[in-house]
Amino acid sequence: MSVSGTVLSSTVNLVKTILGAGLLAIPYAFRADGVLLAVFLVLLAAFTAGYGLFILAKCSKTLLNPRHSSFFTLCSITYPNLSLLFDFAMFIQCFGVGLSYLILVGDLFPSLFGGSRTLWTLLSGVIIVPLTLLRHLDSLRYTSILGLAALGYITLLIVATYFWGRYPSPKVHWVSVYDSTGVLTTFSIIIFAFTGSMNLFSIINELKENSMTNIKSIINRSIVISGFFFVVVGLFGYLTFGETTLGNVLLNYNSDKFAVKFARFNLGLMVVLSFPLMFHPCRIACNNMIHWLQINYGPRKDMLQENQNLGPITLEIEDETDREFLQQEFGTGDITDTAAAGTGSGSTEDNSFANTYQSLPRATDEDDEDATHESTEAVPLSDKRFYTITAVLLTVLYGLALNVQSFALVLAVVGATGSTAISFTLPGLFGWKLIGTESLMNGERISTWENIHRYGSLALTWYGIIVMVSCLYITLFL
């Protein structure tokens, strides 16, 4: 069944999307910032990331069919000329993180069991490849639970070592900042820690009861749980080692102890199980880019045939010529002027909402072999393309992982741009343009809360731009 997600399973997947190997770098950020500033930055990151997820969810509800929500569909009705750029940012972010996971696998397991990094990188495919062939994100809920269990063990080790370990008491900075330069260089670690936007739309599309109440519950629980892990690991890892805390806190522990070796094994397992969660949105973004290129540069016939599988979508018409074109292509009965419903007192409140039209659902081919996937895919993805994209991406990722041992600078730049875009900038841009459209279409004024969220979206956009510029400067010049 395509729509099978529950609040619990969706929360598990979103938490696992957020929590990755980067969690073990949080104690290092605490070392540079001091406890007070570090906790503040974690709370700030949690709030801004959570608000970005909320804005994306709210924007998805402006679509005629919320189960067709994606960055692509929202871009198509707000900033259609930038759809390719936005999906490319998503693709690069997920591709880069996925590649880092494969490289980490090659570094972890040889030190535990022997053998070469090439051997263990290839062996990871025994688990990874079958998981990447699962079409729906909710199918990964059990592996996400296993990954969280592995993460739970690492967290318990860190906490237990602080209370019962025999490490000497370190010097700890509770209020003062230990390393002012380090604050800047570790800023991105905390800010990017809560990135989970890449899988939010899949969660919304696959959620059995995808009401805004359930979606907000998933977001709130995920942010709180993730924030708890970040604070606990960051605090107790730092309190144990103080000024000697390393970038990967596990490296501070005695590697000869079985408990530490088992923690490293759990880290490797967590990374392997996290890879499919990054691969899923990476494949979607790749398909979206191909679809965009077909629409803009392929034969118009192909565009219309694929559009039939989209179901209801929202289109922005800038003038009457565009409307006449659509009427010729789809038939005069397919275009409904919903802006006319907003000609009341509130219809002129914002020009960005003017001339908005909605196309009604078109009939779909009952014999389509992909009909069972229609309800959760915003952009058509045939079985042939699904397996082709999967095979090509896996081949390229494994090829790079076998030949590249470190690409920290590239990953840092990608994180500063791609992660910022999908977490802050894009949600803000979408929210500014879409929140309040339903009220205007119904001839009502935009409510106070909708206006608050619209301007909150604008603030989120500028916040994302400032974070991106700051992190790029820090990465490239400090």
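Q: In which hand of crossing does α1 pass α8, left-handed or right-handed?
A: In this predicted model, the crossing of α1 past α8 is left-handed.

Q: And at what angle do those two helices pack?
A: Helix α1 (residues 7-18) and helix α8 (residues 141-164) meet at about 55 degrees, and their axes lie 9 Å apart. Because angles of 65 to 115 degrees count as roughly perpendicular and those under 35 as roughly parallel, α1 is oblique to α8.

Q: Which residues in α1 and α8 meet?
A: From α1, the residues are Ser9, Val12, Asn13, Val15 and Lys16. Their counterparts in α8 are Arg141, Ser144, Ile145, Gly147 and Leu148.

Q: Changing topic: which residues in the largest nonpolar core touch the most other members?
A: Those are Phe194, Phe230, Leu267 and Phe430, in a core of 121 residues. Helix α12 (residues 258-297) gives the most to this core, contributing 16 residues.

Q: What does Phe194 touch, leaving aside residues up to four places away in sequence?
A: Phe194 touches Ile18, Val42, Ala45, Ala46, Ala49, Ile223, Ser226, Gly227 and Phe230.

Q: Now the chain overall: how many helices and strands does the secondary structure have?
A: The chain has 18 helices and three strands. Its length is 478 residues, of which 56% count as buried.

Q: What share of the contacts with a separation of 6 or more joins residues 24 or more positions apart?
A: Such pairs account for 86% of those contacts in the chain.

Technical notes
Residues numbered from 1 in each chain as written. Predicted model: local features only at pLDDT ≥ 70, side-chain atom pairs only at ≥ 80, totals over all residues. Heavy atoms only, no water. Helix = DSSP H or I, 4+ residues; strand = E, 2+ residues; numbered from the N terminus. Buried < 20%, exposed > 50% of the residue type's maximum accessible area, 1.4 Å probe, protein only. Contact = heavy atoms within 4.5 Å. Core = buried A, V, L, I, M, F, W, Y, C linked by side-chain atoms within 4.5 Å. Axes fitted to C-alpha atoms, helices over the stretch in contact; angles between N-to-C directions. Parallel < 35°, antiparallel > 145°, perpendicular 65-115°, else oblique. Left-handed = near helix turned anticlockwise from the far one by under 90°.
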